[in-house]
Amino acid sequence: MKWFRNFMYGRYGADQLGNFLFVFYIILAILSFVYPPIMILCYATIIYSLFRMFSKQYYKRRAENEWYLNKTEGIRKFFNRQKNQWKYRKTHKYLKCPHCKQYLRVPKGKGDITVTCPKCHQQFDQRT
Ligand SMILES: [Zn+2]
């Protein structure tokens with residue numbers, strides 16, 4: 001694999017946008033069974049991700065990735081929250097601050113508690 005390491009030397013490789021493109025490619029590939037012309041988009045996606053991986057223009061690729069992370073910040077946070085909510089479902093309750101809409105996590109099973117929002121410092125009562 002030495003040749004491969006040499007080949008990849010100085011090239012950009014994988015990043016979050018690259019991972020997304022890969023998933024996107026799989027979705028397109030599945031869709032193309034239903035509607036074959038989508039195959040063109042499949043090829044375009046593969047060519048673009050390969051181009052990014054083997055690119056030597058770090059700066060540009062990183063800017064693309066940054067753009068992608070920026071655009072998807074809301075949705076990634078949402079999924080992260082779902083994941084955590086599920087993970088801690090037995091011990092914690094997730095709620096939204098009624099004043100500033102900040103998401104909060106409080107311990108479950110403590111009865112009625114007064115929550116102080118860490119962001120806006122307003123207090124509100126909550127049954128846990
Ligand atoms: Zn608040």
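Helix H3 covers residues 39–53, and its 15 residues should span 21 Å at 1.5 Å a residue. Its end C-alpha atoms are 21 Å apart, which agrees. The expected span is 1.5 Å times one less than the number of residues in the helix. Helices (H or I, at least four residues) and strands (E, at least two) are DSSP runs, numbered from the N terminus.

This is a predicted model, in which local features need pLDDT of at least 70, side-chain atom pairs count only at pLDDT 80 or more, and totals for chains, interfaces and linings use all residues. Residues are numbered from 1 along each chain as its sequence is written, and side-chain values use heavy atoms, with hydrogens and water left out.

**Helix H3**

- The buried residues of H3 are Cys 42, Thr 45, Ser 49 and Arg 52. Buried means under 20% relative accessible area, exposed means over 50%, and partly exposed lies in between (1.4 Å probe, protein chains only).
- Viewed down the axis of H3, these buried residues fall within an arc of 100°, so they line one face of the helix. The arc is that of the directions from the helix axis to the C-beta atoms.
- An α-helix has 3.6 residues a turn, so residues three or four places apart point the same way.
- Ile 40, Tyr 43 and Ile 47 are exposed on the other side of H3.
- The buried residues of H3 pack against helix H2 (16–34) and helix H4 (58–71). Contact means heavy atoms within 4.5 Å.
- Ile 40 sits in helix H3. Its relative accessibility is 64%, so Ile 40 counts as exposed.
- Ile 40 and Leu 28 are 12 residues apart in sequence, and their C-alpha atoms are 9.5 Å apart.

- H2 has 19 residues and reaches 28 Å from its first C-alpha to its last. That is close to the 27 Å expected at 1.5 Å a residue.
- Leu 17, Gly 18, Leu 21, Leu 28, Ala 29 and Ser 32 are buried in H2.
- Seen down the axis of H2, its buried residues fall within an arc of 125°, so they line one face of the helix.
- On the other side of H2, Ile 30, Phe 33 and Val 34 are exposed.
- H3 and H4 are among the elements that cover the buried residues of H2.
- Lys 60 lies in helix H4. With a relative accessible area of 46%, Lys 60 is partly exposed.
- Lys 60 and Gln 16 are 44 residues apart along the chain, and 14 Å separates their C-alpha atoms.

**Domains**

- The chain is divided into domain 1 (2–71) and domain 2 (90–127). The bounds come from an automatic or database domain assignment.
- The centres of the two domains, taken over C-alpha atoms, are separated by 41 Å.

**Zinc site**

- Cys 97 (SG), Cys 100 (SG), Cys 117 (SG) and Cys 120 (SG) coordinate the zinc ion at 2.2 to 2.3 Å. Donors are N, O and S atoms within 2.8 Å of the metal (3.2 Å for Na, K and Ca); water is not among the atoms, so sites may look incomplete.
- The donor residues are spaced C-x2-C-x16-C-x2-C in sequence.
- Cys 97 lies in the loop between strand E1 (92–96) and strand E2 (103–107), and Cys 120 in the loop between strand E3 (112–116) and strand E4 (123–127), so the pair ties together parts that are 23 residues apart in sequence.
- The 4 donor atoms subtend angles of 106 to 113° around the zinc ion, which makes the arrangement tetrahedral. Four donors count as tetrahedral if all angles lie between 85 and 135 degrees.
- Ideal angles at a metal are 109.5 degrees for four tetrahedral donors.
- Cys 97 is buried, with a relative accessible area of 1%. Cys 120 is partly exposed, at 28%.

**Loops and strand E1**

- Lys 101 lies in the loop between E1 and E2. Its phi is near 70°, a positive value in a residue other than glycine.
- His 121 is in the loop between E3 and E4. Phi of His 121 is near 65°, also positive in a residue other than glycine.
- Most residues other than glycine have a negative phi.
- His 121 counts as exposed, at 58% relative accessibility.
- His 92 is found in strand E1. Leaving aside neighbours within four places in sequence, His 92 is in contact with Arg 105, Val 106, Pro 107 and Lys 108.
- The C-alpha atoms of His 92 and Leu 104, 12 residues apart along the chain, are separated by 9.9 Å.

Note on methods. Tetrahedral: all angles 85-135°; square planar, octahedral: opposite > 155°, others 65-115°.
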